[in-house]
Amino acid sequence: MFKKIIKGNKKTPKSDSHDPSSFAYGPPGARNSGAVSANVVVNHASRAGPTASGPNSGGPNPVLPPSGTIEPLPLFRDVPVSDRQTLFLRKLQVCCFHFDFSDTLKAPREKEIKRQTLLELVDFIQSGSGKITETCQEEMIKMVSVNIFRCLPPACHENTGQENADPEEEELYLEPSWPHLQLVYELLLRYIVSSDTDTKVAKRYIDHSFVLKLLDLFDSEDPREREYLKNILHRIYGKFMVHRPFIRKAINNIFYRFIYETERHSGIAELLEILGSIINGFALPMKEEHKLFLVRALIPLHKPKPIAVYHQQLSYCITQFVEKDYKLADTVIRGLLKYWPVTNCQKEVLFLGELEEVLEATQAAEFQRCMVPLFRQIARCLNSSHFQVAERALFLWNNEHIVSLIAQNRNVILPIIFEALENNISTHWNQAVHGLTVNVRKMFLEMDADLFEECQRQLAEREARAKEVEEQREMTWKKLADAAGEDMITA
């Protein structure tokens, strides 16, 4: 491998300096579109093993050329219109060189030439001054592939070996080559959104292999790169209808690996943000495939520890499903209860916030199906010693729609939570929780005074029985102790 790298540093002969084949490009007709099987298997980002070669890999990456081999090319406006496509190809070749950004003093002139060339390419595509040929499109996607598809550096926890480190507290990694990488992403984005881009032609180059490698890059720790990837993938999904099922399935597989294997991925929030927009566009009645995605991928995403990083986007996706099809409310609420945290109070607060959003979109019939297990959990939250959990649970009674659902089913709900309310008033340490509990108790009293009194009577009976059982237990122990004492004296 080392010998190959050394050979790659040899100066390119002047006669070949603008020959596409010298940049690992074959003739346009020789490109194999490479059909990809529908059974997608997504590796964990680009960190595992070397970059795979394929139709869009661009072959071996051209490395840093010897000083002086890159010369600035003329501007597009300075050449005749008939020569612009040829100049476009030459500029693409210049942009295929890689530079070492770990040393700012290394090849500054060549780096600036590449940056300016990328800027010119972006302006050329954005201005729409001329429709680029199919050959130019193919070579441009190859240049993009050479620049963006790479092995990502080890994640912070992989360097330190701290498997249990909090992702929110890890140091932010910024890609050193971003001055060039940003412009390459911008060029790709402008090409995809351009009205001159024919999807029938472009799909030959932006194929399944290309999309999979884009998805791998979502594990990049640089938030700027993930933001560009999010916008690009969203545009690809919107423009290339043929790729839509494949993209959904590939994202599914990333989620499965994250949930059940690694619990480590930098781009879950961005992928969920894309899905939020996709779910919003689902046609009704909803396909079974989409309902399975909710049950098998989205609801289990509540399980991993780093949920706080992506919970806002996840909650939006879940709520979109319920708003689209109200019959899914029961499935979603029972899913939340299944993954409800036991010891993580901050996670409980997140769940209660999401629960309120789901209940806002829930109809009475679906509410009745799940209200018993739901309010048993809410009762436990009301008595939580962590004041934020208890307070967030009590805030549910500030929502008019939820209060109306509770009022319609008060005969079932009040007996479940009445003891929790009384315990809060008598024993909870936090004054704010105490005050909110008094307000909720007063609300139930005004709803149905007879039911309230009946709950009070039942609670008093339960407490009396419990006290009687406790006294009986103490008497039994006392008898045993006395009997044991007599035996000892006799012995």
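Author: Find T197 in the loop between α6 (178–193) and α7 (199–202). Keep in mind that you're looking at a predicted model. Is T197 buried or exposed? Its relative accessibility is 9%, and buried means under 20%, so T197 counts as buried. Now look at who sits around it. Leaving aside residues up to four places away in sequence, T197 touches Y191, A202 and K239. With Y191 there's a polar detail to spot: a polar atom of the T197 side chain lies 2.4 Å from the backbone oxygen of Y191.

A107 is in the loop between α2 (84–94) and α3 (108–127). Its phi is near 50 degrees, which is a positive value in a residue other than glycine. A107 has 18% relative accessibility, so this residue counts as buried too. E263 sits in the loop between α10 (244–262) and α11. Here phi is near 55 degrees, again positive in a residue other than glycine. With a relative accessible area of 25%, though, E263 is partly exposed.

The side chain of E261 still has a partner: it makes a polar contact with the side chain of R257, at 2.9 Å.

One more loop is worth a stop. Between α11 (268–280) and α12 (288–298), the loop holds P285. What kind of peptide bond joins L284 and P285? It's a cis one, with omega about 0 degrees.

Now for helices meeting helices. Two packed helices are described by the angle between their axes and the distance between the axes. Start with T135, in helix α4 (residues 134–148). T135 is partly exposed, with a relative accessible area of 31%. Follow the chain and you'll find that T135 and L89 are 46 residues apart, yet their C-alpha atoms are separated by 8.8 Å. Both residues belong to a helix contact: Q85, F88, L89 and L92 in α2 meet T135, C136, E139, M140 and M143 in α4. Sort the residues of that contact by type and you get six nonpolar, two polar and one charged. As for the geometry, the axes of α2 and α4 come within 10 Å and cross at roughly 15 degrees. That makes α2 roughly parallel to α4. The crossing of α2 past α4 is left-handed.

Compare that with a pair further along the chain. Helix α13 (residues 307–324) packs with helix α15 (residues 345–360) at an angle of about 20 degrees, and their axes are 10 Å apart. These helices are therefore roughly parallel to each other. This time the crossing, α13 past α15, is right-handed. On the α13 side, the residues in the contact are I307, A308, H311, S315, I318, T319 and V322. On the α15 side, they are K347, L350, F351, E354, E357 and V358. By type, the contact divides into seven nonpolar, three polar and three charged residues. If you wonder about the spacing of those numbers, an α-helix has 3.6 residues a turn, so residues three or four places apart point the same way.

How many of the eight residues of α17 are buried? Six are, so this helix is largely enclosed by the rest of the structure. The buried ones are V389, A390, E391, R392, A393 and L394. What covers them includes α15, along with α16 (364–382), α19 (410–427) and α20 (431–447).

Finally, zoom out to the whole protein. Its secondary structure comes to 21 helices and zero strands. Of the 491 residues, 46% are buried, and T197, where we began, is one that counts as buried. Among contacts between residues at least 6 apart in sequence, 77% join residues at least 24 apart. T135 and L89, 46 residues apart along the chain, are a handy pair to click on while you think about that.

Methods: Residues numbered from 1 in each chain as written. Predicted model: local features only at pLDDT ≥ 70, side-chain atom pairs only at ≥ 80, totals over all residues. Heavy atoms only, no water. Axes fitted to C-alpha atoms, helices over the stretch in contact; angles between N-to-C directions. Helix = DSSP H or I, 4+ residues; strand = E, 2+ residues; numbered from the N terminus. Parallel < 35°, antiparallel > 145°, perpendicular 65-115°, else oblique. Left-handed = near helix turned anticlockwise from the far one by under 90°. Contact = heavy atoms within 4.5 Å. Nonpolar A, V, L, I, M, F, W, Y, C, P; charged D, E, K, R; others polar. Buried < 20%, exposed > 50% of the residue type's maximum accessible area, 1.4 Å probe, protein only. Polar contact = N/O pair within 3.5 Å; in protein donor to acceptor, adjacent residues only side chain to side chain.
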